[in-house]
Amino acid sequence: MRINCPNCGERDRREFYYVGDAVALERPDPEAGEAAWDDYVHNRDNPAGVTRDLWYHESGCSAWLVVTRDTRTHAIEKVELAQAIKEAGA
């Protein structure tokens, strides 16, 4: 699998570290309560289809990326900088 880093261009996926579902960008409010934080830390969906994953460009520019891909085929639809997504509030 090849990932097209917005900073470095297309690279082999071995340069990146897979972190998990991009839901990690949607952190609950610090005062949200135990149930919200328990859900955030421990529960993840495992869908067959299009997902948004969080990847770290470990052997490259050190950017955090959100990769939209199909888990059935690993076809990548889009790669975005996680920082840009957070700033846009998406």
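Predicted model: local features only at pLDDT ≥ 70, side-chain atom pairs only at ≥ 80, totals over all residues.

Student: How many helices and strands does the protein chain have?

Tutor: Helices (H or I, at least four residues) and strands (E, at least two) are DSSP runs, numbered from the N terminus. The protein chain has two helices and six strands. Read from the N terminus, the order of its elements is β-β-β-α-β-β-β-α. The C-alpha trace spans about 40 × 30 × 20 Å along its principal axes.

Student: What share of the residues in the protein chain is buried?

Tutor: A residue is buried under 20% relative accessible area, exposed over 50%, and partly exposed in between (1.4 Å probe, protein chains only). Of the 90 residues in the protein chain, 27% are buried.

Student: Which residues make up the largest nonpolar core?

Tutor: In soluble globular proteins, nonpolar side chains tend to be buried together. A nonpolar core is a set of buried Ala, Val, Leu, Ile, Met, Phe, Trp, Tyr and Cys residues joined through side-chain atoms within 4.5 Å. Here the largest one has eight residues, namely Ile3, Cys5, Phe16, Trp55, Ala63, Leu65, Val67 and Val79. Strand S1 (2-5) and strand S5 are the elements that give two or more residues to this core. A second, separate core has six residues, among them Ala22, Leu25, Ala82 and Ile85.

Student: Where does Val79 lie, and which residues is Val79 in contact with, leaving aside its neighbours within four places in sequence?

Tutor: Val79 belongs to strand S6 (residues 76-81). Val79 counts as buried because its relative accessibility is 17%. Contact means heavy atoms within 4.5 Å. Apart from neighbours within four places in sequence, Val79 is in contact with Ile3, Asn4, Pro6, Leu65, Val66 and Val67.

Student: How should I read a salt bridge, and how many does the structure hold?

Tutor: A salt bridge is a side-chain nitrogen of Lys or Arg within 4 Å of a carboxyl oxygen of Asp or Glu. The structure holds six. One of them joins the side chains of Arg69 and Asp53 (2.5 Å, N to O). Arg69 lies in strand S5 (residues 64-70) and Asp53 in strand S4, so this pair ties together parts that are 16 residues apart in sequence.

Student: Are Arg69 and Asp53 buried or exposed?

Tutor: Both Arg69 and Asp53 are buried. In another salt bridge, Arg2 and Glu10 meet at 2.9 Å, N to O. Arg2 is partly exposed at 45% relative accessible area, and Glu10 is partly exposed at 48%. Asp70 and Arg72 also form a salt bridge, with their closest N and O atoms 2.8 Å apart. In that pair Asp70 is buried at 12%, whereas Arg72 is exposed at 57%.

Student: With which side chain does the side chain of Thr51 make a polar contact?

Tutor: A polar contact is a pair of N or O atoms within 3.5 Å; within protein, one must be able to donate a hydrogen and the other to accept it, and residues adjacent in sequence count only if both atoms are side-chain atoms. The side chain of Thr51 makes such a contact with the side chain of Asp53 (3.2 Å). Thr51 is in strand S4 (residues 50-56) and is buried, with a relative accessible area of 12%. Leaving aside neighbours within four places in sequence, Thr51 is in contact with Val67, Thr68, Arg69 and Thr71.

Student: Which residues have a positive phi although they are not glycine?

Tutor: Ser62 has a positive phi of about 65° without being a glycine, and this residue is found in the loop between S4 and S5. His74 likewise has a positive phi of about 65° and is not a glycine; His74 lies in the loop between S5 and S6. Ser62 is partly exposed at 39% relative accessible area, and His74 is partly exposed at 42%.

Technical notes:
Residues numbered from 1 in each chain as written. Heavy atoms only, no water.
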